[in-house]
Amino acid sequence: MATRVRSTSRDETTPEKQLSAREAVAIGPVPPEYVEKNRTAWYHWALSYTATGRKAWTERELRWGIWGVPESELRLLANVPSGADVVELGCGTASVSSWLVRAGLRPVAVDFSRKQLEVATRLQQEFRQSFPLIHANAENVPYDTASFDLAVSEYGASLWCEPHRWLAEADRLLRPGGGLIFVTNSPLLMACTPESGERAGDRLLRDYFTSPVREYPDGVVEFHLTHGAWIELLNAFGFSVERLVELRPPHGTQPRFDFVSIEWARRWPSEEVWVARKRQ
């Protein structure tokens, strides 16, 4: 069972892994206050996501990504045993964790936004569920080393946290052989997305080989790696990639968030799921 400890007493990922990862993938300049910038954004956005979060809590089946592709189709959790300890890194309204509880797993939901966790708390009360909600940056989680069997991030740490830092923390938190599942935008979508962050079009607007750090006019900072960079970085932190699922929504699907159209996403991958495992 996962054991909580003070973050000041946590073990660090080995310096050798950190150095290997830094050498494998250079991120480039990162805004020094990116965590606070993103936390501030979610302070203002949290309430507007309440309805979307509540709807996700009512789903009988876990649905992944903005297009809600069902778990029964993707089978990402098919080999996760009942009772496994799971950490959700960047949980938002904790809808993924709510489904994990119903599936017989033991989730811990982590988010850096108190406003988001307040929404998650109200939803726990409404739906009579109980699991830990931890206010913490996913790059520094107050749990012992090797506390979890699985780490999950659906547009949480995988988008809003510096990749070296959150993967180092996932490596630390997972037991040998533990799984990692994360959902993020595809690099092709980002190459077609305007600098303003508006809907993607059918033209390449950005260089593919450019900095993975995206800072938008509203101050939000996101991290978008190419496929090659993700593979190099995961390998450097001791993960073996098992699957890369490029999600294609069914006809007529409406996205949870309006940054890409169904017509676009039917032609090209707008989001992807990475499935990896920490080597023994």
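**Exercise 1.** List the residues in contact with Leu180, leaving aside its neighbours within four places in sequence.

*Solution.* Take contact as heavy atoms within 4.5 Å. Leu180 then touches Leu150, Ala151, Trp166, Leu167, Ala170, Leu174, Leu234, Phe239, Trp274, Val275 and Ala276. The model is predicted, so local features need pLDDT of at least 70 and side-chain atom pairs pLDDT 80 or more, while totals for chains, interfaces and linings use all residues. Residues are numbered from 1 along each chain, and side-chain values use heavy atoms, without hydrogens and water.

**Exercise 2.** Find the residues of the largest nonpolar core that touch the most other members.

*Solution.* A nonpolar core is a set of buried Ala, Val, Leu, Ile, Met, Phe, Trp, Tyr and Cys residues joined through side-chain atoms within 4.5 Å; buried means under 20% relative accessible area with a 1.4 Å probe, protein chains only. The largest core has 75 residues, and Trp64, Leu89, Trp166 and Leu180 touch the most other members. Apart from it lies another core of nine residues, including Trp57 and Phe131.

**Exercise 3.** Describe the largest pocket and its lining.

*Solution.* On a 1 Å grid over the protein atoms alone, a pocket is an open set of points where a 1.4 Å probe fits, with protein on both sides within 12 Å along at least five of seven lines; lining residues have an atom within 4 Å of a point. The volume, the space filled by probe spheres set on the points, is about 920 Å³. Of the 45 lining residues, Trp42, Tyr49, Leu159, Trp160 and Phe257 are the closest to the centre. The lining divides into 24 nonpolar, 13 polar and eight charged residues.

How values were computed: Buried < 20%, exposed > 50% of the residue type's maximum accessible area, 1.4 Å probe, protein only. Nonpolar A, V, L, I, M, F, W, Y, C, P; charged D, E, K, R; others polar.
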